Amino acid sequence: MAKEKLTYERKLVWDVFSDTEKNAAFDFASGYRRFISEIKTEKEAVTWAKKEAEKKGFSELNESRKSKKVYLAIRSSALALAIRGKRPIRDGVRIIISHVDAPRLDLKPQPLIEEEGLSFLKTHYYGGIKKYQWVTKPLSLHGIVVLKSGVKKEIVIGEKENEPVLTVTDLLPHLAKDQMEKKMSDAVDGESLNLLIASLPVPKEKDKKTPPVKNRVKEAVLKLLYQTYGIAEEDLISAELAAVPAGPARELGLDRSLILGYGQDDRICTYASFQAFLKADEPEYTSICLLIDKEEIGSEGTSSIQSGFLSFFLCQLAGITETELARALAKSYALSADVNAGLDPSYREVTESQNTPRLGYGTVITKYTGHGGKFLSSEASAEYMAYLRRLFEKHKVLWQTGELGKIDKGGGGTVAKYLARQNIETIDIGPALLSMHSPYEVSHKGDLYCTYRVPNRTYSYISIS
Ligand code: MN
Ligand code: MN
């Protein structure tokens, strides 16, 4: 009788991957690194995905509902894509969802100020950040300004080597005695996250009769903005501009096995799932790829998963009524593709060793998130977990289980619960990161590749029987 394997152990990707797979993982990571180096806002991600999808034969969803591969943008900040399956939509659909927003410093509606001969842009941070991590970094500015006429100006500054960057200053240690004694959460005040933007003034008026300009540096900045982009101070009120870490993502480690870069939560899942989705050619069930916005602030707002756009998209796609939709959703399955926190050996005390994911041990299946007593979590069923175990074993997808930290040490959530509310069987899956939500997050190339292989190998087959 064959010896039954009774104990369970995680496996290291490098012990399992063949040389070909290792090379494929490194190649895939190069494409990913280019993606996160360039794409730093949800709108940029949506524009990128639309363009890539069009190259693969996708077109905008319209009334005729003829096309097999379609997409629909939601206010240019979120995108739903579909590949029609062999079966009708009323048999259910297969969804993979990731979020394209990431923590950052948003400009306030009236951001521009001048103080002591320096000009600054005031910010209001977006998402859960440790504020002290965002000072003294080179930052770039990304986003749009919409003029009263409706004309949209796109702005990206600080990414190219010859472009200037912005920064938030911090106190020198010599004078930081009081600051250093504060709690970390209070050490850097939200209202002091101001971006240093300029120091050159407009020249002083030589003519004594003209009243002097009060804020000459601010005035010079406004002139520069008008000359470069055709915008005035009032136009900044109708803008979405954000400061993010400037420059490209980098290979990390002497062996180049890791990636250091901004916005990997959750664009690592966006890239992996979108690339895999594009390859789902003849799926059994209709395959849906959702790139959604506003996850980092609790999925609130018109471009978030709570806006109801998924139902709208499916009704449009299938030409079905709400009742028929409810039937279809009840038979649907979703992967909520989002990252988990990897065990950091320098901070072991916040994790419970056995249930915490490790970097390099494959993509992470998180059965439930939430905090203290599974509060506010969406828990995947044992049946769905078992099905995925079967499927991943069959298709040789390396995975591990994950839980977000020790009980009562904090916690977090994903969009899983909002899909579950629509009666869709849902599970969280994605790679583990280190330094999550910091300006420079760390991911593992092997885990990225395993995450890509989840939908690639399993997407169209998910069918529990
Ligand atoms: Mn996330
Ligand atoms: Mn997050």
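An open sheet of seven strands, with antiparallel pairing, runs in the order S8-S7-S11-S5-S6-S10-S9. Its edge strands are S8 (152-157) and S9 (167-168), each of which pairs on one side only. The model is predicted. A further open sheet has nine strands, and aspartate 265 bridges two manganese ions, ligand 1 and ligand 2.

- Strand S7 (residues 139-146) runs antiparallel to S8 and is joined to S8 by six bridges.
- Histidine 142 faces valine 156 of S8.
- Helix H6 (residues 216-229) lies across strands S5 (104-115), S6 (118-126), S8 and S10 (194-198). The direction of H6 is at about 125° to S5.

**Nine-stranded sheet**

- The strand order is S1-S2-S3-S14-S4-S15-S21-S17-S19, and the pairing is mixed.
- S1 (59-60) and S19 (399-402) are the edge strands; each has a single partner strand, so one side of each has no neighbour in the sheet.
- S1 and S2 (residues 69-74) run parallel and are joined by two bridges. Serine 59 stands opposite valine 70 in S2.
- Helix H7 packs on this sheet, where H7 touches S3 (78-83), S4 (93-99), S14, S15 and S21 (425-430). H7 makes about 145° with the direction of S4.

- Aspartate 265 lies in H7 (residues 264-278), and aspartate 338 in the loop between strands S15 (333-337) and S16 (340-341), so the pair ties together parts that are 73 residues apart in sequence.
- Aspartate 265 and aspartate 338 are both buried.

- Aspartate 265 in H7 and glutamate 296, in the loop between S14 (286-292) and helix H8 (309-318), link parts of the chain 31 residues apart.
- Buried means under 20% relative accessible area. Aspartate 265 has a relative accessible area of 4% and is therefore buried; glutamate 296, at 12%, also counts as buried.

**Nonpolar cores**

- The largest nonpolar core has 57 residues, and Leu81 and Phe392 have the most contacts inside it.
- H7 gives the largest share of this core, eight residues.
- Apart from neighbours within four places in sequence, leucine 81 is in contact with residues including Phe274 and Phe277, as well as Ala53, Phe58, Val70 and Ile288.
- A second, separate core of 29 residues includes Ile89, Ile97, Ile292 and Val415.

**Helix H3**

- H3 (residues 42-55) has 14 residues, which at 1.5 Å a residue should span 20 Å; the end C-alpha atoms are 20 Å apart, so the two agree.
- Buried residues in H3 include Glu42, Lys43, Glu44, Trp48 and Ala53.
- Glycine 57 follows H3 and has a positive phi, near 90°.

How values were computed
Residues are numbered from 1 along each chain as its sequence is written. Chains are lettered from A and ligands numbered from 1 in the order in which they are written. This is a predicted model: local features need pLDDT of at least 70, side-chain atom pairs count only at pLDDT 80 or more; totals for chains, interfaces and linings use all residues. Side-chain values use heavy atoms; hydrogens and water are left out. Donors are N, O and S atoms within 2.8 Å of the metal (3.2 Å for Na, K and Ca); water is not among the atoms, so sites may look incomplete. Helices (H or I, at least four residues) and strands (E, at least two) are DSSP runs, numbered from the N terminus. Buried means under 20% relative accessible area, exposed over 50%, partly exposed in between (1.4 Å probe, protein chains only). Two strands pair if DSSP finds at least two bridges between them. Contact means heavy atoms within 4.5 Å. Axes are lines fitted to C-alpha atoms, for helices over the stretch in contact, and angles run from 0 to 180 degrees between N-to-C directions. A nonpolar core is a set of buried Ala, Val, Leu, Ile, Met, Phe, Trp, Tyr and Cys residues joined through side-chain atoms within 4.5 Å. The expected span of a helix is 1.5 Å times one less than its number of residues.
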